[in-house]
Amino acid sequence: MDTNITDIRAVVPPLTEASLCTWLGAAASGDSITYHRGALAREVCPHLQCLPAHERTALQRLAARAWKLAELDLADLLQRRHGYEDYSYILVARRRPRRYASSILPLLLVEAA
Amino acid sequence: MPIQLSLADLDVIHPLARREAHRLCRTLVRPSHEQEDMEQDMLLDLLARLASFDPARGSLAAFATVCFQHRASRLATRLRRERRERHEASLEDAVPGQEEELTLADIIPESEGYAAWCGQQTDAVAALERRLDLDRAGAILDQRDHGVCAALTQCTPHELGHQGPLPRSVLYRRIREMRLRLLAGGIAAAA
């Protein structure tokens, strides 16, 4: 009998900040996800009104979150051009450090002192 | 009409209760610090039954002695039953039906030991994983959020918002940011 194994890294659209972070938390090094397709700069611009306000806000947040994840060195951001103003915005999971420097221990020592 | 006990009556009753508690303690081989509890128990029982005391039928000392003996008998039954339920055994007792000579201490896992009953961490692997998770979370979170995390172990976000110094909106924004960062770091919410 075949057994379906649920892919814990599968993301159900529409992608949100939380689902993007959840995906990244479970992603292996090199895994990628396309978090948007289109022309991001145009679509998030409030003056052009390419999208309804709530969708634009959600997209702004998603893009800002992807940027923050890249700033935290957890992911790399890439773009793939398909045509005029048609890009895939891709987030690639980075390799995690094999060992984190203990950040809790100094706090505990300070508190104990 | 309720009977009032005088100090002279108490002088008579207390030694009786102490003697009966001492006897019970010795009979059941209980630790000596339990004697005082037993004595209090007996005195309390006597106070509850004092309304039935009839001075025409006998002295207060005789009435108290009978009450104490009955109470001691019931206490002994209860304590024996509790002892039986507890399956007291020595860790050095041999386990029957084993090819090797094993004692109870050899077969009881650490996770079912006394430390585990008291809520202490006994699983070394779980402790290590927790430590690694903490290190990972600490590295992902912003340094300034460590204080907020420590405060949140003591009170709810609502209480923390009231206490300050962070404004409520800033506090909730930072909590949201922390949750997202932890998710990105592979640490999902517990619930």
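**Figure 1. In chain B of this predicted model, helix α1 passes helix α3 in a right-handed crossing.** A crossing is right-handed if the near helix is turned clockwise from the far one by less than a right angle, and left-handed if anticlockwise. Helices (H or I, at least four residues) and strands (E, at least two) are DSSP runs, numbered from the N terminus; α1(B) covers residues 7-27 and α3(B) residues 60-86. On the α1(B) side, the contact (C-beta atoms, placed from the backbone, within 7 Å) is made by B:D9, B:V12, B:I13, B:L16, B:A17, B:E20, B:L24 and B:T27. On the α3(B) side, the contributors are B:L60, B:A61, B:A64, B:T65, B:F68, B:Q69, B:A72, B:L75 and B:A76. By class, this contact of α1(B) with α3(B) has twelve nonpolar, three polar and two charged residues (Ala, Val, Leu, Ile, Met, Phe, Trp, Tyr, Cys and Pro are nonpolar, Asp, Glu, Lys and Arg charged, the others, Gly among them, polar). Residues are numbered from 1 along each chain as its sequence is written, while chains are lettered from A and ligands numbered from 1 in the order in which they are written. Local features need pLDDT of at least 70 and side-chain atom pairs count only at pLDDT 80 or more, whereas totals for chains, interfaces and linings use all residues.

**Figure 2. Helix α2 of chain B, residues 34-49, packs on α3(B) at an angle of about 125°.** The axes are 9 Å apart, and the angle makes α2(B) oblique to α3(B); the crossing of these two helices is right-handed. Sorted by class, the contact of α2(B) with α3(B) comprises eight nonpolar, no polar and four charged residues.

**Figure 3. B:V29 has a positive phi, near 55°, although it is a residue other than glycine.** This valine is found in the loop between α1 and α2 of chain B. B:V29 is exposed, as 7 other C-beta atoms lie within 10 Å (20 or more count as buried, 12 or fewer as exposed, in between as partly exposed, with C-beta atoms placed from the backbone).

**Figure 4. In chain A, helices α1 (residues 17-26) and α3 (residues 53-71) cross at roughly 30°.** The chain has four helices and three strands, which follow the pattern α-β-α-α-β-β-α along the sequence. Of its 113 residues, 17% count as buried, and residues 24 or more positions apart account for 46% of the contacts in chain A with a separation of 6 or more. The axes of α1(A) and α3(A) come within 9 Å; at this angle the helices are therefore roughly parallel to each other, and α1(A) passes α3(A) in a right-handed crossing. A:E17, A:L20 and A:L24 in α1(A) meet A:R61, A:L62, A:R65, A:A66 and A:L69 in α3(A). The residues of this contact divide into five nonpolar, no polar and three charged.

**Figure 5. The open sheet of chain A has three strands in the order β1-β3-β2, with antiparallel pairing.** The strands β1 (32-38) and β2 (75-83) stand at the edges, each with a single partner strand, so one side of each is left without a neighbour in the sheet. Neighbouring strands of the sheet are turned by 20° against each other on average, direction ignored. Strands pair if DSSP finds at least two bridges between them; β1(A) and β3(A), the latter spanning residues 86-93, pair in the antiparallel sense over six bridges, and A:R37 has A:S88 in β3(A) as its bridge partner.

**Figure 6. A hairpin with two residues between its strands is formed by β2(A) and β3(A).** The two strands pair in the antiparallel sense over eight bridges, and A:G83 stands opposite A:D86 in β3(A). A:E85, placed in the loop between β2 and β3 of chain A, has a phi near 50°, a positive value in a residue other than glycine. With 12 C-beta neighbours inside 10 Å, A:E85 counts as exposed.

Definitions and conventions
Axes are lines fitted to C-alpha atoms, for helices over the stretch in contact, and angles run from 0 to 180 degrees between N-to-C directions. Two residues are in contact if their C-beta atoms, placed from the backbone, lie within 7 Å. Angles under 35 degrees count as roughly parallel, over 145 as roughly antiparallel, 65 to 115 as roughly perpendicular and the rest as oblique.
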